[in-house]
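Subject: Handing over the structure

Dear colleague,

I am passing this structure on to you, with some notes on what was found in it. Please look through the sequence and the model before reading on.

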Amino acid sequence: MRRTKSVNLWPNINEALEHSLIVRLNAQTVFTSDQHWLYPLFELEDFLKHSELSTSDLFLSDKIAGKAAACLIVFLGIKRCHIELLSERAIPVFKANQIEFTYDHLVDHIQCRTEDLITDKMNISDAYLFLRKRAGRVQGLSVKMENVSVRIEEKLVINQLNFDLGRGEQLIIHGANGAGKTTLLRSLLGFIPIVDGSIKIGDYFVGSDLWKVNRSIIGYVHQENIKNNFPISSGEVVQIGLGKSRISKSETDYRIEVAMRRTGSFHLIEQPYHSLSGGEKQRVSLARCLCQNARVFLLDEPTSFLDQQGKDGLLLLLHELSQNEAPTMVLVSHDLQWIEQLNWPRKELKGGRLC
Amino acid sequence: MLELLSLTPIFKGLIVLALAGLTFPITGVYLFRLNLLPLRFMLMHGAILGGAMALALQINPFWTTIAVNLLLVLFMAKTSRSMKTDAGQISTFFMVISISLAFIFIYKFNVPAKDTLTLLWGNLFTLSWTEVTGIGLFAVLLAGFQYYFRRQLRALFFDREIAFTSGINESHLYYAVVLLIAITVALAMKLIGALLLDALLLLPPVIASFRARSLRGMIIGSAIWGGIFAIGGFLLSIATDIPASSSIAALASLAFIIIYLIRKK
């Protein structure tokens, strides 16, 4: 079935589009894209990050939009749009978010697998994150453990364990004390050799020569219980993330500042690290991982030494990271109440296996 | 006092002590940060073994002690890593085996024990120009190493595992640090003796740590205090006709007490 309806609220933009996507501020074109699928909208997102335009003042013209594009348009904060070919499934999304829209042609649905995958249970943020992952616009790398076994002093702590995490996905591993959660993380990091199976991070097998060169793709945040009184400022801790890369001082300072601002810890840059609270140390450690440009974050019992305020702050920060940089994250915790709030997929480590 | 400096052994002693004072405390910082304090006992005993071997085989004791210490730290680091045991504990074993071997050499080769044990007091004024040049080059190497690897060293001292995940080859860096410590201890024993080398190696970092807020501050502070103790102690020894090693240790101890009391107030 194909229906056509045209509403001439903005008659000058109803002509056939020269580009896949055009964005105007008043009558002036400020952005165009000729990409396909959802990529023009992602390009627009990148453009808006570096411009000072107010998204609510913009007018967007798109050749085709389904439910997925509607979710992205809402997420970007666009309030007015014209679509040449609009899917009916997009209309509830626009209406629920008070978007003023017009169209040339209306169809039941667009033949696109992505549109079918956006469920009604997803809110706009969930849909945005899902679409980013689907578009491959996430920082995270896949993590795959295949039949992995680890022995600690003759005891089989991890037994033929398997899991497969896609790019930008998250996983919480919980379990009783001594179940092997930390051992699992340490084997992912390459600290503990595995006796059987394989671990693959992105394209690299852990322990291989290629991995040794590229192992900084994994950022590690361990339990902040170490009584380390080493005289080092928080900024210097973040700088550790740069490893042995030799870059100019201005570039170094810039990358440290960006990472610390991102985790809300820039005001601590001059503070001695050992004088920080548990929550502040976690923020600085996550900034270190961002500065390192890590694409997989491994967090070992991050709430162990945090008060309620620190736990709430960390919850918010991890949520933001999963929405923006979207690294693949594996978090180990026995704090069931806290991981409940985090609302990530979770698995229990029991008898050396995930269940 | 100045005319004494025209005497070659005294002039050489001043140059060497100044260089050592300004750079050797850097390894003191390494010893503290890597919790390797027991290591220097192994190295002191290793130097005695080197001295005994050199006297027994009639070779240069200066280079022999350095070679023995280098071998000891390599064995120690290797054993510690393969046995996954604390380096401090392993160094206790090597300390015992070193001194036992030293006494075997002394006994079997009829080496006068008192000659070997002069290492405990040091011998600043018997340095050859080759040895002075060697110490000078080592001082430059040490300062250069610290400058070039400052970021990686900071990561290593902060947390070895974090350094590893940041892409730093912390294992190689650790070996390099331990080797530098070994050479420093061997040289410091030659300069001011085994019993007082802590005054040059450890007291400057301890005093610097009172105020330091970063590794950079600690390194610079240690080098300044080390330089003051070495040069000040040397001049004091000439002025008062006491052994240079004792005057350096006395000056460092006095400075420590004064700064400690000021901080306490």
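The notes below cover numbering, domains, strands and a pair of helices.

This is a predicted model, in which local features need pLDDT of at least 70 and side-chain atom pairs count only at pLDDT 80 or more, while totals for chains, interfaces and linings use all residues. Residues are numbered from 1 along each chain as its sequence is written, and chains are lettered from A and ligands numbered from 1 in the order in which they are written.

In chain A, the domain assignment (bounds come from an automatic or database assignment) gives domain 1 (2-134) and domain 2 (143-354), whose centres, taken over C-alpha atoms, are 36 Å apart. Their contact (C-beta atoms, placed from the backbone, within 7 Å) takes four residues from domain 1 of chain A and six residues from domain 2 of chain A.

Also in chain A, strand 9 (residues 170-174) runs parallel to strand 14 (residues 328-332), joined by four bridges, with Gln170(A) partnered by Met329(A); strands are DSSP runs of E, at least two residues, and helices runs of H or I, at least four, numbered from the N terminus. Strand 9 of chain A also pairs (at least two DSSP bridges) in the parallel sense with strand 15 (residues 346-350) over three bridges, where His174(A) stands opposite Glu348(A).

In chain B, Thr27(B), Tyr30(B) and Leu31(B) in helix 2 meet Val177(B), Leu180(B), Ile181(B) and Thr184(B) in helix 10.

Best wishes

Terms used. Contact = placed C-beta atoms within 7 Å.
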